[in-house]
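The following exercises concern one protein model and the ligand shown with it. Please examine the sequence and the structure before working through the solutions.

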Amino acid sequence: TEVAPGAVHLPDWLGPRRQRELLDACRAWARPPAGLRTVRTPGGGTMTARQVCLGLHWYPYGYASTAVDGDGAPVKPMPAWLAELGRRAVTDAYGTPPPAVDAYDIALVNFYAGDSRMGMHRDAEKRSPAPVVSLSLGDSCLFRFGNTASRGRPYRDVELRSGDLFVFGGASRLAYHGVPRVLPGTAPPGLGLTGRLNVTLRVGGLGR
Ligand code: MD5
Ligand code: FE
């Protein structure tokens, strides 16, 4: 379904086996060194979703980025299979391969506990106009898809479930969005995940 120009939601894009494989990979990436971290906000608070990055250390506030994590360890590399998954996601969402020649080379994994949220924000880094690919695992969430002008209305609330793909390209690449809440207890029983996990794939053009 095209939720807005360039914003395409493909429910249940990952089957149970692929979900399990991605979850296992996320658990390995979450382990130190350069594992799961709590992100500090400029106001002195902390984000409630914890994060781990592949390919590039990603500090969402100000978009500072280095190849070394906060603990001094090198960020884990982006695996080729995950870059390929990003390419396939865009191809399936738009019916045509991504226009960008650059490969997906950054992944940001967000771990949401039952009470985690993500406030309305824009992913305004200017590195690449390539679509952002989002994959959800575990508990469903309420995802708020807004507009490019402000955090407020108009917005649409969409339920994202385990296995769903969302691709944000074109005009929607710079729209405000957030996760007002997770819906505890909604994960597929067989997956073995309490809470929600979201993997975003991004093109940083790191090889240039
Ligand atoms: C999440 N993550 O569910 C979301 C999925 C983040 C983040 O927001 O920054 O890590 S990605 C949603 C997204 C990305 C780029 C553009 C738009 C949405 N959008 O225009 O709505 O943890
Ligand atoms: Fe975002």
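A residue counts as near a molecule if one of its heavy atoms lies within 4 Å of it. The model is predicted: local features need pLDDT of at least 70, side-chain atom pairs count only at pLDDT 80 or more, and totals for chains, interfaces and linings use all residues. Residues are numbered from 1 along each chain, ligands are numbered from 1 in the order written, and side-chain values use heavy atoms without hydrogens or water.

**Exercise 1.** Determine which residues come nearest to ligand 1.

*Solution.* Step 1: of the 20 residues around ligand 1, the nearest are Asn110, Tyr112, Ser172, His177 and Arg196.
Step 1: consider polar contacts (pairs of N or O atoms within 3.5 Å). A polar side-chain atom of Tyr112 is 2.5 Å from an oxygen atom of ligand 1, and one of Arg196 is 3.0 Å from an oxygen atom of the ligand.
Step 2: the protein covers 98% of the 500 Å² of accessible area (Shrake-Rupley method, 1.4 Å probe) that ligand 1 has on its own.
Step 3: strand E13 (a DSSP run of at least two residues) supplies the largest share of the shell, four residues.

How values were computed
A polar contact is a pair of N or O atoms within 3.5 Å; within protein, one must be able to donate a hydrogen and the other to accept it, and residues adjacent in sequence count only if both atoms are side-chain atoms.
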